[in-house]
Amino acid sequence: MDKFDNAPDKGLCAGHDIDIWFPPSKQGTMSRDERNKRLENEDKAKEICSRCDFQIHCLEYSLRHEPFGTWGGMNEVDRAQLRSRRGINLSRDGRILVPGIGSMNAVTGAITYKKNVEQRQ
Ligand code: SF4
């Protein structure tokens with residue numbers, strides 16, 4: 001176990017609408033308005049993360065453990081790419097997942113990340 005195996009206890013995200021970091025999943029195609037809102041929220045999350053004292057810790061933790069949402073100023077695609085460049089495997093619920101998140105059970109992951117987020121507040 002290393003120091004990045006736990007998420008930071010609190011950060012600047014505490015007290016904000018958590019949907020900014022974890023946009024609700026959407027089945028099917030998003031409308032232009034929905035896509036724009038999602039991008040707007042993501043920019044907002046990244047801006048807040050950029051001012052957070054825990055950004056590095058949060059990012060390093062999420063590279064190892066979190067496939068969804070914005071953590072440490074990076075969204076899930078940013079992190080999947082960084083994981084791939086650094087050769088980091090995503091370890092989650094006892095499973096080892098390769099970068100790309102293709103084998104992730106999205107429903108199980110969503111439930112788990114919600115618990116993690118609640119514990120952080
Ligand atoms: S860096 Fe992590 S702890 Fe800080 S605001 Fe962003 S998500 Fe929250």
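These legends describe close-up views of a predicted model.

**View 1. The whole chain.**
The chain holds four helices and two strands. Read from the N terminus, these elements follow the order α-α-α-β-β-α. Of its 121 residues, 19% count as buried. Among contacts with a separation of 6 or more, 56% join residues 24 or more positions apart.

**View 2. Confidence along the chain.**
Mean pLDDT for the chain is 77. A value of 70 or more is reached by 72% of the residues. Residues 94–121 are another matter: pLDDT stays under 50 there. For this stretch the model has 35 contacts beyond four places in sequence.

**View 3. The shell around the ligand.**
There are 13 residues around the ligand. Which of them come nearest? They are Gly11, Cys13, Cys49, Cys52 and Cys58. Two helices, H1 (32–50) and H2 (55–65), each supply at least two residues of the shell. Sorted by class, the shell has ten nonpolar and three polar residues. Charged residues are absent from the shell.

**View 4. The buried residues of H2.**
Helix H2 spans residues 55–65. Its buried residues are Cys58, Tyr61, Ser62 and Leu63. What do they pack against? Their partner is helix H3 (76–86).

Phe4 sits in the segment before H1. Leaving aside neighbours within four places in sequence, Phe4 is in contact with His57, Glu60, Tyr61 and Arg64. Tyr61 is one of the buried residues of H2. Ser62 is another of the buried residues. Phe4 and Ser62 are 58 residues apart in sequence, yet their C-alpha atoms are 8.4 Å apart in space. Is Phe4 itself buried, partly exposed or exposed? Phe4 counts as partly exposed because it has 17 C-beta neighbours inside 10 Å, and a buried residue needs 20 or more.

**View 5. Arg86 on H3.**
Arg86 belongs to helix H3, the helix against which the buried residues of H2 pack. Why does Arg86 count as exposed? Arg86 is exposed because 9 other C-beta atoms lie within 10 Å, and the limit for exposed is 12 or fewer. Leu63, by contrast, is among the buried residues of H2. From C-alpha to C-alpha, Arg86 and Leu63 are 9.8 Å apart in space. In sequence, Arg86 and Leu63 are 23 residues apart.

Definitions and conventions. Residues numbered from 1 in each chain as written. Predicted model: local features only at pLDDT ≥ 70, side-chain atom pairs only at ≥ 80, totals over all residues. Near = placed C-beta within 6 Å. Nonpolar A, V, L, I, M, F, W, Y, C, P; charged D, E, K, R; others polar. Contact = placed C-beta atoms within 7 Å. pLDDT = per-residue confidence, 0-100.
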